[in-house]
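Let's take a walk through a protein model together. Have a look at the sequence and the 3D view, then read on.

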Amino acid sequence: MPRGEIDEAWIEEAVRRYRRIETLQAEFDQAVATVEVTIRSPDGLVEVVVTADGRITDVRFLGSLHQRNPRDVAGSVRAAVTAAADAAQWAREKLHNETFAAYRPLAGA
């Protein structure tokens, strides 16, 4: 193609791919807000449900708290919340890889 000419086909392909990326981004945004991961504290006392965007949607105590030291309960909660943050990051990365796996940059870009 002579210098200074516009490659219409390349522009159309770029626009089409841009629109596809916008669609994929919207799907990704929806998924990270709705996909949930459930984790438990190492001692099994606390269960936390977290979305892939890091929002905690539920916290459950799976055992009796009556005979437990408050510091131990607090430690279980901290451990579960920390694990939930890691799980949310893992879920986000997995969703991103799945959503954008087929995307390839334009040749010559």
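At the start of helix 2, which backbone nitrogen does a side-chain oxygen of Asn-69 reach? The backbone nitrogen belongs to Arg-71, and the oxygen comes to within 2.6 Å of it. Keep in mind that this is a predicted model.

**Along helix 2**

Helix 2 covers residues 70–99, which makes 30 residues. You can check its length yourself: at 1.5 Å a residue, helix 2 should span 44 Å, and its end C-alpha atoms are 43 Å apart, so the two values agree.

Now look at which parts of helix 2 are tucked away. Its buried residues include Val-73, Ser-76, Ala-80, Ala-84 and Ala-87. Ala-88, Ala-91, Leu-95 and Thr-99 are buried too. What covers them? Helix 1 (8–34) is part of the cover, and so are strand 1 (36–40), strand 2 (46–51) and strand 3 (56–61).

The three strands make an open sheet in the order 1-2-3, with antiparallel pairing. Strand 1 and strand 3 are at the edges, and each has a single partner strand, so one side of each has no neighbour in the sheet. From one strand to the next, the twist averages 15°.

Zoom in on strand 2 and strand 3: they run antiparallel and are joined by five bridges. Val-50, for instance, has Ile-56 in strand 3 as its bridge partner. In the hairpin these strands form, four residues sit between the strands, and Gly-54 takes a positive phi near 95°.

**A closer look at Glu-47**

Glu-47 belongs to strand 2. Is Glu-47 buried or exposed? It counts as buried, because its relative accessible area is 9%, and the cut-off is under 20%.

The side chain of Glu-47 makes polar contacts with two arginine side chains, Arg-40 and Arg-60:

| Side chains joined | Polar contact |
|---|---|
| Glu-47 and Arg-40 | 3.0 Å |
| Glu-47 and Arg-60 | 2.4 Å |

If you leave aside neighbours within four places in sequence, Glu-47 also has contacts with Thr-38, Ile-39, Asp-58, Val-59 and Leu-62, among others. Take Leu-62: Glu-47 is 15 residues away from it in sequence, and the two are 7.1 Å apart in space, C-alpha to C-alpha.

Note on methods: Residues are numbered from 1 along each chain as its sequence is written. This is a predicted model: local features need pLDDT of at least 70, side-chain atom pairs count only at pLDDT 80 or more; totals for chains, interfaces and linings use all residues. Side-chain values use heavy atoms; hydrogens and water are left out. Helices (H or I, at least four residues) and strands (E, at least two) are DSSP runs, numbered from the N terminus. The expected span of a helix is 1.5 Å times one less than its number of residues. Buried means under 20% relative accessible area, exposed over 50%, partly exposed in between (1.4 Å probe, protein chains only). Contact means heavy atoms within 4.5 Å. A polar contact is a pair of N or O atoms within 3.5 Å; within protein, one must be able to donate a hydrogen and the other to accept it, and residues adjacent in sequence count only if both atoms are side-chain atoms. Two strands pair if DSSP finds at least two bridges between them. Axes are lines fitted to C-alpha atoms, for helices over the stretch in contact, and angles run from 0 to 180 degrees between N-to-C directions.
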